[in-house]
Amino acid sequence: MKKFRYSRFRRELPLVIMLVPALIFVAIYRYGPMLGVVMAFQKFSPAKGFFHSKWVGLDNFRNLFSMPDIGQIIFNTVFISFFKMALGIIVPVIFALLLNEVSSSGLRRTYQTLVYLPHFLSWVILAGIFADLLSKDGIINASLVNLGFERIGFLSDQKVFPWTMIISDVWKGFGFGSIIYLAALTGIDQNLYEAAAIDGANRWKQMLHVTLPGLVSTIVLMTVLSLANILNGGFDQIYNLYRPAVYRTGDILDTFVYRLGIDNAQFSLSTAAGLFKSIISSVLIITSYRLADKFAGYQIF
Amino acid sequence: MKKNTQPKSNGLYVSKGRKVFMAVNLLILTLLALSCTLPFVNLLAISFSNKNAVAANQVKLWPIGFNTAAYEFILNSSQFVRALGVSIRRTVLGVSLNMILIVLTAFPLSKSNREFRLRPLFSWIFVITMLFDGGLIPTYMIVRYTGLMDTIWALVLPGSLAVFNMLVVMNYMRSLPKELTEAAAIDGAGHFRTLWQIVLPVCKPTLATVTLFSFVTHWNSWFDGMIYMNRVENYPLQSYLQTIVINPDAFFRNATNVSESLSRFLNLTNARTTNAAQLFLATIPIMLVYPFLQRYFTSGLIMGSVKG
């Protein structure tokens, strides 16, 4: 028995050795910062460090939630990310359905290559482009004026700014996001279409009764998985495109945490806000992966 | 890459409604594709245009007063070239380290719990890092304490294991037929040899996809550069570009102060043309890479992630 155990150990040892380098990096750079969240319960000062800063219990959280803007910021975050989520599913599905109707595979691939492009570029570059295109005298506004419309303050009008964020984010991601739906479409049994055609279903009816049901499980899966992002409004995008004039409707938790921590040196308050977000997010992630496993048979690990 | 799922019409008769639909469909798809590409055509046109035409917002999709002054200007200024160098270094180092760790981690975790009894424990250790993260300030402090500030390693080590990408590779490995590794084990191959000689060669689609993701992540990262580099000379390209996006005149003013030899370009170029040129140059590596790996996306990303 002992010998048997020893040989199993010998057999599994190389597997553990393979994991060691990653474990070291993860321990230092992922678990190390987690210990740093004690700051959220301290009145942290860099001079005193983690061990000598004063413990203040939940004071930082109390201060955080008594800040006058916090309700608005949470609302902004949820508003922006909800519409990014919803449109971020609807638009790729529609795109996949339309693309699937194109019979030439070369043409299909060309469309795909073109619409993937924004997905692979950083928000820094895209913000540089949008700041130009969407400015008061930019091409888009010039075209609007030519067509007889009024100029729109895409990046400067409080009412419009969240929608600029939502639509530009959907624009960036819809192409790449359609991959999973296109893959699901190839998995639909061809015989179903023939059977439907024999029963007299036209293309539209086939789409409703064969194609869409074939996509439902993927759509449910993607919806569930995206729930986990409800508190991620998209830091990279908003940070590079917002300005004080649109803070009221454009400021999200992550940009707020950043300004608290870096610009105002409120280390403890910023960490408390980050921890709050982290806790809500992990509850959402665990719940959504559970749901994904239950309804779509999806397992992350 | 992908088979069309709709039954092809037999060519004898295509209804009129179908023809109209196909025309409208192609129109919509073309508009969508144009929306994703025209902004870059505009950017390119601006970068090659005369500054006066740009200032008057006349440039649309074709350069006006074609010249290459903006490109000569930035390639002769040290800021852009130096930032490009930092980006290339971080990308080479970062992608190599990412891929080594991903492969070394995905393989053991792709074993069944029976083959590797500690697997659930190790899986959780990695997955928990996807759920919780210490946040901005604590991570910054660890990077400081470990002495990485203002070094290239600050951009490479903290994100050295991309857990999500690792799980993509792990799921792919799990979807491989068991016989593959069992046969190797019977032939006396150890785990390292099995991984290197048997498993990796058949993982090409997923490795190609994940290498691309890793490349894109490193190439596009800007935030880490801004917080871990105190000196602007150490900024990678995207962090440096961020400074000119937020403050459009920054590059132009610095560069014109720094170098007298550049003044000969000043009658042709201004902040907007030089910024457009810099943004465009930064997108070139991406445009050169992803179209060639596109055929691997579907199989590389999706295989194995949905059971039964």
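Of the 308 residues of chain B, 42% count as buried. A residue is buried if 20 or more other C-beta atoms lie within 10 Å of its own, exposed if 12 or fewer, and partly exposed in between, with C-beta atoms placed from the backbone. This is a predicted model: local features need pLDDT of at least 70, side-chain atom pairs count only at pLDDT 80 or more, and totals for chains, interfaces and linings use all residues. Residues are numbered from 1 along each chain as its sequence is written, while chains are lettered from A and ligands numbered from 1 in the order in which they are written.

Chain B has 15 helices and zero strands. Both are DSSP runs numbered from the N terminus: helices are H or I with at least four residues, strands E with at least two. The radius of gyration of chain B is 25 Å, well over the 19 Å of the globule rule for 308 residues, so chain B is more spread out than a compact globule. That radius is taken over C-alpha atoms, and the rule is 2.2 Å times the number of residues to the power 0.38. The C-alpha trace of chain B spans about 75 × 75 × 35 Å along its principal axes.

Next, the interface. In chain B, 81 residues are in contact with 79 residues of chain A. Contact means C-beta atoms, placed from the backbone, within 7 Å. Helix H1 (residues 16–47) of chain B gives the most to its side, with 12 residues.

Ala, Val, Leu, Ile, Met, Phe, Trp, Tyr, Cys and Pro count as nonpolar, Asp, Glu, Lys and Arg as charged, and the others, Gly among them, as polar.

| Domain 1 of chain A, touching domain 2 of chain A | four residues | one residue | one residue |

Chain A is divided into domain 1 (2–57) and domain 2 (68–296). These bounds come from an automatic or database domain assignment. The C-alpha centres of the two domains of chain A lie 34 Å apart. Six residues of domain 1 of chain A are in contact with five of domain 2 of chain A.

Helix H8 (residues 161–177) of chain A is mostly covered, with 13 of its 17 residues buried. H8(A) bends by about 30° at A:Trp171. The bend is the angle between axes fitted to the seven residues ending there and the seven starting there.

A:Arg290 sits in helix H15 (residues 267–296) of chain A. A:Arg290 is exposed, with 11 other C-beta atoms within 10 Å.

Conventions. Two residues are in contact if their C-beta atoms, placed from the backbone, lie within 7 Å.
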